[in-house]
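Subject: Structure for your review

Dear colleague,

Please find below the structure that I am handing over to you. My notes on its charged side-chain pairs follow it.

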Amino acid sequence: MSAYAISEVEMRDAAGFEAYRTIAAETIAKYGGRYLVRGGTASVIEGGPPPKTIIVVEFPTMERLREWYASPEYAEALKLRRTALDRRLIFVEGVAPV
């Protein structure tokens, strides 16, 4: 069953953010992930506050998503993330195939 990493991010440092994005994209691909949403225009229809930048990445399974997040390759991106951006990160399982 697919699993999703949903991020809401706010950039703090442009150069660090670009370096983070480059490393993150490479590691996501290596672990079988693919971007479904990567910072497109977002609008709040109900509730508040206004959304920040939204990113949604699909992985084949929750296990693979967790392997990516804990990987030594992604650890390099996480070091950059600390100063480059603020983030709320959510992992969620998809719907089982019918």
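Why are E67 and R64 separated by about one helical turn? The two residues lie three residues apart in helix α2 (residues 62-70), which accounts for that separation. Please bear in mind throughout that this is a predicted model.

E67 and R64 also form a salt bridge, in which the closest N and O atoms are 2.7 Å apart. E67 has a relative accessibility of 32% and so counts as partly exposed. R64 is likewise partly exposed, its relative accessible area being 29%.

In total, the structure contains seven salt bridges. Two others deserve a description here.

One of them joins the side chains of K52 and E10, with an N to O distance of 3.5 Å. This pair connects distant parts of the chain, 42 residues apart: K52 is in the loop between β2 (34-38) and β3 (53-59), while E10 belongs to strand β1 (residues 3-11). K52 is partly exposed at 43% relative accessibility, and E10 is partly exposed at 38%.

Another salt bridge brings together the side chains of R12 and D86, at 3.2 Å from N to O. R12 is found in the loop between β1 and α1 (14-30) and D86 in strand β4 (residues 85-93); the pair therefore ties together parts that are 74 residues apart in sequence. With a relative accessibility of 48%, R12 counts as partly exposed. D86, at a relative accessible area of 34%, is also partly exposed.

Yours sincerely

Methods
Residues numbered from 1 in each chain as written. Predicted model: local features only at pLDDT ≥ 70, side-chain atom pairs only at ≥ 80, totals over all residues. Heavy atoms only, no water. Salt bridge = Lys/Arg side-chain N within 4 Å of Asp/Glu carboxyl O. Helix = DSSP H or I, 4+ residues; strand = E, 2+ residues; numbered from the N terminus. Buried < 20%, exposed > 50% of the residue type's maximum accessible area, 1.4 Å probe, protein only.
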